[in-house]
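Subject: Structure handed over, with notes on what was found

Dear colleague,

Please look through the chain once before you go on to the notes.

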Amino acid sequence: MRIGVIAIQGDVSEHVESLERALAERGATAEIVTIKNKGIVPTCDGLVFPGGESTTLGRLILREGIDAEIKDAKEKGIPIMGTCAGLILTAKAGDSQVEKTHQHLLGLMDIRVNRNAFGRQFQSFEVGLDVSFLDSPYNAVFIRAPAITEAGEGVKVLASIDGKIVAAEQDNVLAFAFHPELTDDMRVHQYFLDKLFN
Ligand code: GLN
């Protein structure tokens, strides 16, 4: 089993550490590789897109030629998890800011995103979030977080705040507007690992 973390920008090491910890918790082993170049994605059984800056991430993914490989992985049913900026990348469309800048999105999910959905005064906050697959709230860390403003029929909503969708799933793709790699609670990473190991 091999899990790839897209490592061209953003909080990569935090995701690697979280995955290692989540694997240890469940007594499983997997190789975790960081991906900066073309050629590695096709060797992976699972993929993670970290948070960071979605414009930069999208541009580099395209420039390095990783874009097409990720789309292939999606078609093959490889589990993919995007967090924060990673959620933005999974979307097929975005708000006026996304449209104006022609920022590159991967279109892995039938969702539209608002990049800065929580406005300036709430740029960063933590909240005990009800997530559909968890039996108690998750302490979710939001940092200049996006939200999903429209979701197609095939999209399962996993969590919302005041009507804004902050976690969703479609087929083999998971997207979270918050940062599960910044807390000690491994349940979100475990949900992703369930897709790989079950
Ligand atoms: N707001 C950032 C963006 O639009 C994402 C923030 C994050 O990943 N913490 O790319």
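Predicted model: local features only at pLDDT ≥ 70, side-chain atom pairs only at ≥ 80, totals over all residues.

On the side of H1 the contact is made by Ser18, Leu19, Ala22 and Leu23, while H6 contributes His189, Gln190 and Leu193. Sorted by class, this contact has four nonpolar and three polar residues, and no charged ones.

As background, an α-helix has 3.6 residues a turn, so residues three or four places apart point the same way.

In helix H2 (residues 54-63), the buried residues are Ser54, Leu57, Gly58 and Ile61. They cover an arc of only 95° around the axis, which puts them on the same side of H2. Among the elements that cover these buried residues are strand E1 (2-6), helix H3 (66-76) and helix H4 (85-90). After H2 comes Gly65, which has a positive phi near 80°.

In H3, the residues that are buried are Ile66, Glu69, Ile70, Ala73 and Lys74. Their directions cover an arc of only 145° around the axis, which places them on the same side of H3. Ala68, Asp72 and Glu75, on the other side of H3, are exposed. The cover over the buried residues of H3 includes strand E2 (31-35), strand E3 (46-49), H2, E4 and E12. H3, too, is followed by a glycine with positive phi, namely Gly77, where the value is near 85°.

Positive phi also occurs in residues other than glycine, and one of them is Cys84, with a value near 55°. Cys84 lies in the loop between strand E4 (80-83) and H4, and it is buried, with 29 other C-beta atoms within 10 Å. Asp171 likewise has a positive phi, near 50°, and its place is in the loop between strand E11 (164-170) and strand E12 (173-176). Is Asp171 buried or partly exposed? With 16 C-beta neighbours inside 10 Å, Asp171 counts as partly exposed.

If residues up to four places away in sequence are left aside, Ala167 touches Val131, Leu158, Ala159, Ala175, Phe176 and Ala177.

Finally, please find Gly94, which is in strand E5 (residues 93-94). Gly94 counts as buried, having 21 C-beta neighbours inside 10 Å, where the cut-off for a buried residue is 20 or more. Which residues does Gly94 touch, not counting those up to four places away in sequence? They are Ile88, Glu99, Gln103, Leu105, Arg112, Val113 and Arg115. Between Gly94 and Ser124 there are 30 residues in sequence and 21 Å in space, taken from C-alpha to C-alpha.

Terms used
Residues numbered from 1 in each chain as written. Contact = placed C-beta atoms within 7 Å. Helix = DSSP H or I, 4+ residues; strand = E, 2+ residues; numbered from the N terminus. Nonpolar A, V, L, I, M, F, W, Y, C, P; charged D, E, K, R; others polar. Buried ≥ 20, exposed ≤ 12 C-beta atoms within 10 Å, placed from the backbone. Arc of directions from axis to C-beta.
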